Amino acid sequence: MDAVFKALADASRRELLDRLRAENGLTLGQLCERLAKSGSPMTRQAVSKHLAILEEANLVAAVKRGREKLHYLNPVPIHEIAERWIGKFERSRLQALSDLKKDLEAHDE
C-alpha cells in the first residue's frame, strides 16, 4: 500500500490517473497530447516515468496491442484505500463536511 500512497502523492501522476479515468486505454503519445491540450504539458519522458511508477503501484495496467502499449486505470487499489481509511472514519460525516466546504466556496466566487 506504500507504493500506492507514493504514487498518489504526486500531482502529475494524479493528473494522469484523471486522464485515464476520463478516457481509458490511451497510448503514451495520446496521453501526452491530452495533457498538452488541457494546458498541463509534460514531456514524453516524464509521462513515461510517471506511468512506470503508477504501474509499479498497480494503479495502471498496460496491455500491448501490436506496436502500441495501451494504459488502463486500475481503480482497485484506490478503492481498497477508501475502504480501509475513509470508511473507517465515517464516510457520511466526511461527505457532509465536503458538501459544506463546496457550498461555502461556491458562495465566495
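**Helix packing in the predicted model**

UniProt, in an unreviewed entry, places the feature "domain: HTH arsR-type" at residues 1-93; its positions follow the numbering used here, and such annotations may be inferred rather than shown by experiment. Residues are numbered from 1 along each chain as its sequence is written. This is a predicted model, in which local features need pLDDT of at least 70 and side-chain atom pairs count only at pLDDT 80 or more, while totals for chains, interfaces and linings use all residues.

As for confidence, the protein chain averages a pLDDT (the predictor's confidence in each residue, from 0 to 100) of 91, and 100% of the residues score at least 70. Over residues 1-93, the span is 60% helix and 13% strand, with its end C-alpha atoms 25 Å apart. Helices (H or I, at least four residues) and strands (E, at least two) are DSSP runs, numbered from the N terminus.

Helix 2 (residues 11-22) packs against helix 4 at an angle of about 80°, the axes lying 10 Å apart. That makes the two roughly perpendicular, a label for angles of 65 to 115 degrees. On the helix 2 side, Ser 12, Arg 13, Leu 16 and Leu 17 meet Val 47, His 50, Leu 51, Ile 53 and Leu 54 of helix 4, contact meaning heavy atoms within 4.5 Å.

Helix 2 also packs with helix 3 (residues 28-37), at about 105° and with axes 11 Å apart, so this pair is roughly perpendicular as well. Here Glu 15, Leu 16, Arg 19 and Leu 20 of helix 2 touch Leu 31, Arg 34 and Leu 35 of helix 3.

Methods. Heavy atoms only, no water. Axes fitted to C-alpha atoms, helices over the stretch in contact; angles between N-to-C directions. Parallel < 35°, antiparallel > 145°, perpendicular 65-115°, else oblique.
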